[in-house]
Amino acid sequence: MNGQTPFEGEGITAGDLRSLRYFLAVADELSFGRAAVRLHMTQPGLSQGIKALERRLGMPLFERDRQSVALTAAGRVLEPKARQLLAHAEEFDRFAGVLAGRHNGRLTLSFSRSGGIGLPTELTRRFREQYPHMTVETATGHTHANVEGIRMRTIDVGFVRPPIDGDDLQCSVIAYDRVVVAVPVGHPLADRPGVTPADLVGEPLVFFPRERSGLWESMLGAVYGQGAAPEISRLEPDEAHMLAAVAQGAGITLVTEPSAALLAVPGAVFRPFTVPVAVPMALAWRKDNANAALHTFVSFVHGAVGPAVPPSPAADAVAAGRGRDGQPSDGATVSRIPRSQAIRELRPTGTRR
């Protein structure tokens, strides 16, 4: 392609932009099946779209067999050009939408209480900044409350902790937050720079009721291993009361880094895991919600954060006394969310890595 855009001299059609989105989804996932799920389409439809693009360009973009998918040399050349073209197209569409008054809608969203002030609030701030004529109403709740609000249509979209149940909802993981351990001042673990899941065996755990949040399963599974949750010695309604109980010597507890950054309780200290342990943060919304503001927000978030990449799980860490190294995504080089707030980092609007 000699360094030129593949459509130079012929003009770019709406169909070309759609094909480029298909191409980038497969390039990101290196799987036609996962890319089809991400694009909310069938795999045969996606394959046909890629073949049409390859015919348009006169060259193959992927090498594929039953076991793997890889970019060809032409595909590797096209990838950065495609991202650039789509970024410009999305920027123009946003500008045209503002001029046409399309972005004067109303969106109701709810933050996750365990998310603290981090990625969700930064995303919302940027969205308001980019769509100043959009009315955004916010609330805060546990995952269970957010899911109920979405189902009852009192909110359009919520930040939640998977897993959540129900075929009526769409759930898209956008980030992973690190988990830290809170222990009483004077506890043997309080003087260590970091802890392992094995260090927690036999420690009384202060936690919250299971029905309050999807965080219950994801956090205990990430730390202790799936199906190996410890006995919970004391239940408290939320993180603030959990930490107060820890400060009183009732046991240890687990919270996300964003929560820890907000909730400093005298008598309790936070310690990180030596091998990162993290829990997912997701967006959830009703599949049948036709609110244009909702779909604008979802597209904005996906464009800002790109595909969420989890660190390696600490499975079997309790038994083995160690975990496997987890490498979170390195994100963008601008506008970063501090590591104390979230593993995921924002990308420039309209681009993905």
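Author: In this predicted model, buried residues make up 48% of the 353 residues in the protein chain. The accessible surface amounts to about 16600 Å², and 52% of that surface belongs to carbon and sulfur atoms.

Reader: Which secondary-structure elements does the protein chain contain, and how many helices and strands are there?

Author: The protein chain has 11 helices and 11 strands.

Reader: Where do Phe127 and Phe297 lie, and which parts does the pair tie together?

Author: Phe127 belongs to helix α5 (residues 119–130) and Phe297 to helix α10 (residues 292–305), so the pair ties together parts that are 170 residues apart in sequence.

Reader: Are Phe127 and Phe297 buried or exposed?

Author: The cut-off for a buried residue is a relative accessible area under 20%. Phe127 has 0% relative accessibility and so counts as buried. Phe297 is likewise buried, with a relative accessible area of 0%.

A further pair involves Phe127 and Phe300, which are edge-to-face at 5.5 Å centre to centre and 65° between the planes. Because Phe127 lies in helix α5 and Phe300 in helix α10, this pair ties together parts that are 173 residues apart in sequence. Phe300, at 4% relative accessibility, counts as buried.

Reader: Which residues form the aromatic cluster?

Author: Phe111, Phe127, Tyr131, Phe159, Phe297 and Phe300 form one aromatic cluster. Of these, Tyr131 lies in the loop between α5 and β4 (135–141). Tyr131 is buried, with a relative accessible area of 6%. From C-alpha to C-alpha, Tyr131 and Thr296 are 9.6 Å apart in space, while 165 residues separate them in sequence.

Reader: How does one describe the crossing of two helices, and at what angle do the axes of α5 and α10 cross?

Author: One considers the distance between the axes, the angle and the handedness. The axes of α5 and α10 come within 11 Å and cross at roughly 115°, and the crossing is right-handed.

Reader: Which residues of α5 and α10 meet?

Author: From α5, the residues are Leu119, Leu123, Arg126, Phe127 and Gln130; they meet Ala293, Thr296, Phe297, Phe300, Val301, Ala304 and Val305 in α10. By class, the contact of α5 with α10 has nine nonpolar, two polar and one charged residues.

Reader: Where does Pro197 lie, and is Pro197 buried or exposed?

Author: Pro197 is found in the loop between β6 (169–184) and β7 (205–207). Pro197 is buried, with a relative accessible area of 6%. The C-alpha atoms of Pro197 and Val223 are separated by 5.9 Å, although the two residues are 26 residues apart along the chain.

Notes. Residues numbered from 1 in each chain as written. Predicted model: local features only at pLDDT ≥ 70, side-chain atom pairs only at ≥ 80, totals over all residues. Heavy atoms only, no water. Helix = DSSP H or I, 4+ residues; strand = E, 2+ residues; numbered from the N terminus. Buried < 20%, exposed > 50% of the residue type's maximum accessible area, 1.4 Å probe, protein only. Phe/Tyr/Trp six-rings, centres within 6.5 Å; stacked < 30°, edge-to-face > 60°. Axes fitted to C-alpha atoms, helices over the stretch in contact; angles between N-to-C directions. Left-handed = near helix turned anticlockwise from the far one by under 90°. Contact = heavy atoms within 4.5 Å. Nonpolar A, V, L, I, M, F, W, Y, C, P; charged D, E, K, R; others polar. Areas by Shrake-Rupley, 256 points an atom, 1.4 Å probe, with all protein chains shown as cover.
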